[in-house]
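Reader: Can we go through this one together? I'd like to start with the rings, then move to the core and the sulfurs.

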Amino acid sequence: MSKRSLILILLIVLSGCSAVKTGKTRVINTSLISAGDIRETRKNNLSNDDFNVQRADVVLNANGNEQKFIASFKYKLPGIWLISIKSNTGIEAARVWITDDTVLINDRLHKKLYYGKSSILEEKYGIPVKAIPVLIGDFIETDRKIENSIDCREGIDDEVAQFKNFKVEYVISCRESKTLESKIVSPNKNAVQISYSKTKKNNNRKYPTKIILKDPKENVVIEIKIRSIDFNNNEKIEFIPGKGYEKVLLK
């Protein structure tokens with residue numbers, strides 16, 4: 001499986017967005033706020049509870065070649081992801097299962113079952129499992145929490161969370177208590193850049209409905225529009241390996 005294919009499968013993990021912009025997408029609240037509270041940002045993390053993105057429209061642009069997909073994904077505590085990727089006609093192309101120690105991918109088009117440890121996502125492809133919630137606008141930290149009191153200038157705050165093998169740089173809206181931009185930086189300095197916009201509130205949950213993900217090194221841009229999301233789905237999620245599929249170890 002190529003890196004670009006895996007980037008498509010993983011970064012499709014939720015979100016939404018509009019046309020790609022060549023400049024910065026940061027939206028700044030012009031009113032000066034001297035201080036804020038990072039606890040409100042933590043409270044707004046989608047991954048604090050279960051949720052189900054029932055439909056997201058996805059556009060992948062790789063080196064100028066554009067492809068369109070439909071995605072859905074479910075999240076269950078304490079950290080289980082189930083992602084479905086379909087063609088625009090509704091035919092499922094892939095189903096992905098991710099936990100803190102396992103990755104399984106049913107490639108229905110080629111009748112292959114990719115499997116491996118979740119650590120391979122970080123080691124080979126630069127997307128740590130712990131960082132997946134960042135892709136949907138969540139604010140994650142190391143065990144050493146960032147101080148609750150934050151300094152806001154022109155309505156925004158910049159924070160950096162340093163992990164063992166990667167770091168995440170955040171730009172946070174002090175007014176919305178949500179992330180405006182983030183960057184996941186791997187040890188080799190490769191970075192996935194993400195911007196979030198058009199925040200909605202549903203059942204006291206805040207989430208971005210437009211997200212743009214960029215991998216400049218691979219010349220890949222992914223745009224996703226969240227069409228519907230459910231916070232009241234208590235269904236059990238499970239992964240059923242494709243019957244008779246060729247097994248391929250992710251490495």
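**Rings, cores and a disulfide**

Author: The structure holds 6 aromatic pairs. A pair means rings of Phe, Tyr and Trp (its six-membered ring) with centres within 6.5 Å; planes under 30 degrees apart count as stacked, over 60 as edge-to-face and the rest as tilted. This is a predicted model: local features need pLDDT of at least 70, side-chain atom pairs count only at pLDDT 80 or more, and totals for chains, interfaces and linings use all residues. Residues are numbered from 1 along each chain as its sequence is written, and side-chain values use heavy atoms, without hydrogens and water.

Reader: What is the geometry between Phe139 and Tyr170?

Author: Tilted, with 4.7 Å centre to centre and 55° between the planes. Phe139 sits in the loop between α3 (119–125) and β8, and Tyr170 in strand β10, 31 residues apart. Helices (H or I, at least four residues) and strands (E, at least two) are DSSP runs, numbered from the N terminus.

Reader: Is Phe139 buried or exposed?

Author: Phe139 is at 2% relative accessibility, so it counts as buried. Buried means under 20% relative accessible area, exposed over 50%, partly exposed in between (1.4 Å probe, protein chains only). Tyr170 is also buried, at 2%.

Reader: Why is the Phe163 and Phe166 pair called stacked?

Author: Their ring centres are 4.5 Å apart and the planes are at 5°, so the pair is stacked.

Reader: Which residues do ring pairs link into a cluster?

Author: Phe51, Tyr75 and Trp81.

Reader: On to the core. Which residues touch the most other members in the largest one?

Author: Phe51, Trp81, Ile98, Val134, Tyr170, Ile184 and Ile194, out of 55 residues. A nonpolar core is a set of buried Ala, Val, Leu, Ile, Met, Phe, Trp, Tyr and Cys residues joined through side-chain atoms within 4.5 Å. Strand β2 (residues 51–62) gives the most to this core, 6 residues. A second, separate core has 6 residues, including Leu113 and Phe239.

Reader: What is Leu113 in contact with?

Author: Beyond neighbours within four places in sequence, its contacts (heavy atoms within 4.5 Å) include Ile105, Phe239 and Tyr245. Leu113 is in strand β7 (residues 112–116).

Reader: Now sulfurs. How many disulfides?

Author: A search of the whole structure finds 1. Cys152 and Cys174 form it, with sulfur atoms 1.9 Å apart; the cut-off is a pair of cysteine sulfur atoms within 2.5 Å.

Reader: What handedness?

Author: The torsion about the S-S bond of Cys152 and Cys174 is about -95°, so the disulfide is left-handed.
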